[in-house]
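Q: I'd like to go through this structure with you. Can we keep it brisk?

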Amino acid sequence: MSAKFPIPNPSPLLLFFTILSILFYLTPIINSRTLRTVGSSSHLSDDSSITYLWPLPSEFTYGNETLVVDPSLSLSLFGNGGNSAIVREAFERYRTIIFKHVGSSKFGMRDLGYDITKLTVIVHSDNEELQLGVDESYTLLVAKNNGLSVIGEVTVEANTVYGALRGLETFSQLCGFDYGTKTVQIYKAPWFIKDKPRFAFRGLLLDTSRHYYPVDIIKQIIESMSYVKLNVLHWHIIDEESFPLEVPAYPKLWKGAYTKWERYTVEDAYEIVNFAKMRGINVMAEIDVPGHGESWGVGYPDLWPSTSCKEPLDVSKNFTFEVLSGILQDMREIFPFELFHLGGDEVNTDCWNNTPHVKQWLDDKNMTTKDAYEYFVLQAQEIAISKNWTPVNWEETFNTFPEKLNPRTVVHNWLGGGVCPKVVAQGLRCIYSNQGFWYLDHLDVQWDGVYDADPLEGISDSAEQDRVLGGEVCMWSETADPSNVQQTIWPRAASAAERLWSSKETAPRSNARVLRRLQYMRCLLTRRGVPASPVTNFYARSSPIGPGSCYDQ
């Protein structure tokens, strides 16, 4: 998808900056990508030919210097986005991560001069709207200030604040703590990185109906998503088991929560959305209709076809669609993302045939239950579109009545392969989540199965490829709760994150080098407080099989 923010014509200062960058730094780097680091023991690995960045950038070059970073690293923010609180807060977060081990201790520290004392961020646009396809590209230059250049020491340049966030994450991964000198160092400098995502939609589904996750746990998951440049939290808030969200228009709906302590207020939802935006992550909400709605009727029993047959929701009553409209209206005030997920999967219509008043309605309308399923989905789509949303539906809707779906529909693949090629050939857009590879509750799917799956499999036409928005890994919660959800998500979700960010040429299918890099990334996650499981366990979230290094899993 094309970026919303075109690259402006460079100012004379930026043009001068670019020319100097090329003259002083790019020429010696061009042939240095395969140089081994000399004169330092890298915190990354003894094999310095491996680039320990995750996900891999689109283009990068590096050298063989080691630079020391000042723990008082300062930020200089320029451009039209120079007043961005999003960038300033991100810089402080990353400062905390980078200098976690650098305290005030005077024991064993050498009096070193610092090579890197300032981080310059240039953001061209002051537009902070976060929508599908926002420009997340950036360039990152890391070089020693040798007195010959005016370009500074570390520079991140991006069209938007969200590109700047991705550049800050990459910079943080270049920084490592050296225990001998008790300093933060950057190895293999100078670095020049030019980066952009492969797909606009890079998601993680979190199911908060089968088990409830407190707000702080959801925030932890969002934070960890930012470390691998995922950019959509698909919040599967409600399902047949529980209805935890407050809906002001219909205040009895959250009587369907497990308990009165396992709920999300409107304020909670706002907080989650805003927390995610500060990290460049959209929140796509989902209410799964009509087949996963049993919990709706706890507060409003009229939504059930009958008290003995509680789903799908009653298609025959106007009240059902009034409630659906009220929910979508209230949620539109909370969720600014243009995509809204309406579900539509696993609809068993027997209940409609077996309930006398619904059966009579079907007969009066001369409808089969299949017709009624189509009618419900299309009505829900029209309601969502009327509230300026783009509807997303699970693939059963496409498999059942592909020609009837609204042309704006985004089809979400999950049942198996070969669906996205059919969707995009018909002119619709697709999100890839093949359950055989990207369902994280399938604990026997190992990291390489996740890594090797590709949303563009079977699609060769470039126009059709453009209609694949991307993909997401899905954390369904029947067997996960706050005690083990992060161990189930990570590090396998990172495998999908690189497939969605990095080009196939940059990050080929899995091999020993990818495994080394992913093991390192898992250790980086644990150092940042994310309880990620070992990479090579046969079952996800299993404990280690014995003593050993984090880097030898």
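Q: Phe321 and Phe376: buried or exposed?
A: Both Phe321 and Phe376 are buried. Buried means under 20% relative accessible area, exposed means over 50%, and partly exposed is in between (1.4 Å probe, protein chains only).

Q: What should I know about the model before we go on?
A: This is a predicted model: local features need pLDDT of at least 70, side-chain atom pairs count only at pLDDT 80 or more, and totals for chains, interfaces and linings use all residues. Residues are numbered from 1 along each chain as its sequence is written, and side-chain values use heavy atoms, with hydrogens and water left out.

Q: OK. How many aromatic pairs are there?
A: The count comes to 24 aromatic pairs. The rule takes rings of Phe, Tyr and Trp (its six-membered ring) and pairs them if their centres lie within 6.5 Å. Planes under 30 degrees apart count as stacked, over 60 as edge-to-face, and the rest as tilted.

Q: What do Phe321 and Phe376 form?
A: Phe321 and Phe376 form a tilted aromatic pair. Their centres are 4.8 Å apart, with 45 degrees between the planes.

Q: Which helices hold Trp361 and Tyr375?
A: Trp361 is in helix α9 (residues 356–365), and Tyr375 is in helix α10. The two residues are 14 apart, and this pair too links distant parts of the chain.

Q: Trp361: buried or exposed?
A: Trp361 is buried, with a relative accessible area of 14%. Tyr375 is partly exposed, at 27%.

Q: Which residues form an aromatic cluster?
A: Tyr212, Trp235, Tyr264 and Phe335 form one cluster.

Q: New topic: charges over rings. What lies over the face of Trp254?
A: Arg263 lies there, at 4.7 Å from the ring centre. A charge sits over a ring if NZ of Lys or CZ of Arg is within 6 Å of the ring centre and within 35 degrees of the ring normal.

Q: What sits over the ring of Trp304?
A: The charged end of Lys310 does, 4.4 Å from the centre of the ring.

Q: Switching to cysteines. How many disulfides does the structure hold?
A: It holds 3 disulfides. A disulfide here is a pair of cysteine sulfur atoms within 2.5 Å.

Q: What kind of bond is that?
A: A disulfide is a covalent bond between the sulfur atoms of two cysteines.

Q: Which residue does a disulfide join to Cys309?
A: Cys309 is joined to Cys351, with an S to S distance of 2.0 Å. Cys309 lies in the loop between α6 (296–299) and α7 (318–332), and Cys351 in helix α8 (residues 350–354), so the link ties together parts that are 42 residues apart in sequence.

Q: Cys309: buried or exposed?
A: Cys309 counts as buried, at 18% relative accessibility. Cys351 is buried as well, at 4%.

Q: What about Cys420, which residue is it joined to?
A: Cys420 is joined to Cys430, S to S 2.1 Å. Cys420 lies in helix α12 (residues 419–425) and Cys430 in strand β15 (residues 429–432), so the pair ties together parts that are 10 residues apart in sequence. The link of Cys420 and Cys430 is left-handed, with -70 degrees about the S-S bond. Cys420 is buried at 3% relative accessible area, and Cys430 is buried at 0%.

Q: And Cys523, which residue is it joined to?
A: Cys523 is joined to Cys550, S to S 2.0 Å. Cys523 lies in helix α18 (residues 512–527) and Cys550 in the segment after α18, so the pair ties together parts that are 27 residues apart in sequence. The link of Cys523 and Cys550 is left-handed too, with -120 degrees about the S-S bond.

Q: Cys550: buried or partly exposed?
A: Cys550 is partly exposed, with a relative accessible area of 28%. Cys523 counts as buried, at 1%.

Q: Which pattern do the disulfides follow?
A: The pattern is 1-2, 3-4, 5-6, with bonded cysteines counted along the chain.

How values were computed
Helices (H or I, at least four residues) and strands (E, at least two) are DSSP runs, numbered from the N terminus.
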